[in-house]
Amino acid sequence: MLALLKMIPIIAFAGNVASKNDNVKSKYNHYINLAKAVVTQTEINSLAKMIYVDSLSDEYLEEKDFSSFIKKNMQVQKGITRDLSVDMFGMTYKYTKDEGGFTVYSAGPDLKYDTDDDIYSGYEF
């Protein structure tokens, strides 16, 4: 994941150089969003796994406590200063729970929740 984050500035530079061409700019944006989606999916998978492990000891996370849970359990790698409760697209991660399980999700590249490009992971209890 760190390697992907390191590639974003390189891709950004290449995109800036090539931004005069609309076709190249479109492909550039596609690859930037793809890299962001991969990092977001990795983070969501990690969050879901941590929540599931806690549920094995009968500690069920409530939706209102999700933001605090992220801040307590997600560790920032050295050199990364971003808020990990926000996905790579700048949107807050969401968490829903019902009697059957839970889902952690991101709005995805379109920045709208409950659409086809949402990125999610979850477990059943």
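A nonpolar core is a set of buried Ala, Val, Leu, Ile, Met, Phe, Trp, Tyr and Cys residues joined through side-chain atoms within 4.5 Å. Buried means under 20% relative accessible area, exposed over 50%, and partly exposed in between, with a 1.4 Å probe and protein chains only.

The model is predicted: local features need pLDDT of at least 70, side-chain atom pairs count only at pLDDT 80 or more, and totals for chains, interfaces and linings use all residues. Residues are numbered from 1 along each chain as its sequence is written, and side-chain values use heavy atoms, with hydrogens and water left out.

**Exercise 1. Find the centre of the largest nonpolar core and the elements that supply it.**

Step 1: This core has 17 residues, and Leu-47, Ile-51, Phe-66, Ile-70, Tyr-95 and Val-104 have the most contacts inside it.

Step 2: At least two core residues come from each of helix H2 (22-56), helix H3 (66-73) and strand S2 (101-106). Helices (H or I, at least four residues) and strands (E, at least two) are DSSP runs, numbered from the N terminus. H2 gives the most, with 5 residues.

Step 3: Now look at Ile-70. Leaving aside residues up to four places away in sequence, Ile-70 touches Leu-47, Leu-84, Ser-85 and Tyr-93 (contact means heavy atoms within 4.5 Å).

**Exercise 2. Check the span of H2 and list buried residues along it.**

Step 1: The expected span is 1.5 Å times one less than the number of residues. For the 35 residues of H2 that gives 51 Å, and the end C-alpha atoms are 51 Å apart, so the two agree.

Step 2: Among the buried residues of H2 are Ile-32, Ala-35, Glu-43, Leu-47 and Ile-51. Leu-34, also found in helix H2, is partly exposed at a relative accessible area of 43%.

Step 3: After H2 comes Asp-58, with a positive phi near 60°.

**Exercise 3. Locate the salt bridges and say which parts of the chain two of them link.**

Step 1: The whole structure holds 3 salt bridges (a side-chain nitrogen of Lys or Arg within 4 Å of a carboxyl oxygen of Asp or Glu).

Step 2: Arg-82 and Glu-43 meet at 2.2 Å, N to O. Arg-82 sits in the loop between H3 and strand S1 (94-98) and Glu-43 in helix H2, 39 residues apart. Glu-43 is buried at 4%, whereas Arg-82 is partly exposed at 23%.

Step 3: Lys-97 pairs with Glu-62, their closest N and O atoms being 3.0 Å apart. Lys-97 lies in strand S1 and Glu-62 in the loop between H2 and H3, so this pair ties together parts 35 residues apart in sequence.
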